[in-house]
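Reader: I'm new to this structure and a bit lost. Please take me to one spot, look at it closely, and then show me what else is worth a look from there.

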Amino acid sequence: MSADLPQHRELVTAIPGPRSIELMERKTAAVAQGVGTTMPVFAAEAGGGIVKDIDGNSLIDFGSGIAVTSIGNSAPRVVEAVRAQVEAFTHTCFMVTPYEGYVAVAEALNAITPGDHLKRSVLFNSGAEAVENAVKIARAYTKKDAVVAFDHAYHGRTNLTMALTAKNMPYKDGFGPFAPEVYRAPMSYPYRDDKAMDGEQAAARAIDQIEKQVGASNLAALVIEPIQGEGGFVVPAPGFLPALVEWCTANNVVFIADEVQTGFARTGALFACEHEDVVPDLIVTAKGIAGGLPLAAVTGRAEMVDAPHAGGLGGTYGGNPLACAAALATLETIRAENLIERAQDIGTLMLDRLHRLQADDSRIGDVRGRGAMIAVELVKKGTTDPDPDLTKAVATAAHQQGLIVLTCGTYGNVLRFLPPLAISDELLTEGLDLLAETLAATGRS
Ligand code: PLZ
């Protein structure tokens, strides 16, 4: 039982072990080469802050399956709720014979997302699918076409979301042509922006470009991650998001917050928009919503979400009953286990340790993030030049020590930490110790 998984790192073979090596050979023979893996080990069990591989190695989890299993893998309430649902029925299709779970998830999302206006929700399977549908809703509501996304943005791998995503490799290369009427605006990136530029000035820069190159009268929506994920855990300067919202409201442009990676307590608030009292018109959620089951949602102003004609939104599996049962159990777990506070405490512990590391290692250019969404940006000593090679080397060495850690960033030079909120302080500290050792041992000249 994963709930009883011992919460200790333990390596019993080299990483990868013999069974993982064997399975990797089968993967290579059977699975599309386009699907990469961060680590060369195969999972057998997971729970709390540990992922156990098929060779019996227990790894510290600083990834949460990319910010998904925030409440812990196979969290007890989720297991129980899904078990009950799987015995009742697995699928009827909400568009054929609806069921209560979908409605209950919509009610919950309408209640807990920022803003006390009248809201509606619609459920999907993946973050990308939900982002696409948020754009459809914005276009139906405004009767305009254009969409603006930001530098370093990540919104998915479908055709429209590839267009919204900024980075070419590995997401877009060779996969065009992309959806039209997508424009890009400059992000607020405090570490790389002019030091004198505050959030409002960064917003003014973006708005000026949007007005000159697109025109508010053509613009249906602006899509933004309140803290960027794949693009490098970029936290915009304070004031940036509120200024964009204000401009959107004044110009009949739908403000879409993509909280796929930041949502559900990850950043030390239920939603990252709350840190700056930002109330998005539409909020897109996925990942952490259902404890690992595939579910995503668009929630927002009733008059906007109701703009598409009847039958205009849907999908066979959207709001699958197992995923809905898991989502309700996830929300209950976040509440009952005070996981918002837990995320704040994890942030304090991590930031404190990483700032101390930064103080005597000038290769750590920036330490940033909120709650349990923290990153370090690695640069060449004494400069701000990105060091993707060092980043890769540190990540690989950490993997070999039994720490699951991910990289990200436009320049490939960001180590990101997304531990489950169910991780213990001991494992968290041990993971940071390993990182410190790995950094010290890697390429320091
Ligand atoms: N919006 C902000 O972070 C997914 C992508 C991993 P899906 N991020 C992880 C990869 O390499 O494919 C993400 C996100 C933000 C949208 C998405 C897309 O969510 O559930 O992967 O479609």
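Predicted model: local features only at pLDDT ≥ 70, side-chain atom pairs only at ≥ 80, totals over all residues.

Author: Let's begin with a term: a polar contact is a pair of N or O atoms within 3.5 Å; within protein, one atom must be able to donate a hydrogen and the other to accept it, and residues adjacent in sequence count only if both atoms are side-chain atoms.

Residues are numbered from 1 along each chain as its sequence is written, and side-chain values use heavy atoms, with hydrogens and water left out.

Back to Thr299, which sits in strand β10 (residues 296-301). Strands (E, at least two residues) and helices (H or I, at least four) are DSSP runs, numbered from the N terminus. Thr299 counts as buried because its relative accessibility is 1%; buried means under 20% relative accessible area, exposed over 50%, and partly exposed in between (1.4 Å probe, protein chains only). Setting aside neighbours within four places in sequence, Thr299 touches Leu109, Asn110, Thr113, Lys119, Arg120, Ser121, Asp281, Leu282 and Ile283, where contact means heavy atoms within 4.5 Å. Leu415, by contrast, is 116 residues away from Thr299 in sequence and 31 Å away in space, C-alpha to C-alpha.

Now hop over to strand β7, where six of six residues are buried. Two strands pair if DSSP finds at least two bridges between them. β7 pairs in parallel with strand β5 (residues 146-150) over three bridges, and Val148 stands opposite Leu222 in β7. β7 is also joined, again in parallel, to strand β8 (residues 254-258) by four bridges; here Ala221 has Val254 in β8 as its bridge partner.

Follow the chain into the loop between β7 (219-224) and α8 (240-250) and you'll find Glu230. With 12% relative accessibility, Glu230 counts as buried too. Its side chain has a polar contact of 2.8 Å with that of Arg416. Beyond its neighbours within four places in sequence, Glu230 is in contact with several residues, including Tyr154, Cys408 and Gln261.

Gln261 takes us to the ligand, as it is one of the closest of the 15 residues around the ligand, along with Gly127, Ala128, Arg157 and Asp258. Being near here takes a heavy atom within 4 Å. An N or O atom in the Gln261 side chain is 2.7 Å from an oxygen atom of the ligand. Arg157 also has a polar side-chain atom 2.7 Å from a ligand oxygen, while Gly127 uses a backbone N or O atom, at 2.8 Å. The protein covers 82% of the 520 Å² of accessible area that the ligand has on its own, with areas from the Shrake-Rupley method and a 1.4 Å probe.

One last stop: four strands form an open sheet of mixed pairing, in the order β1-β2-β3-β13. β1 (43-47) and β13 (403-404) are at the edges with a single partner each, so one side of each has no neighbour in the sheet.
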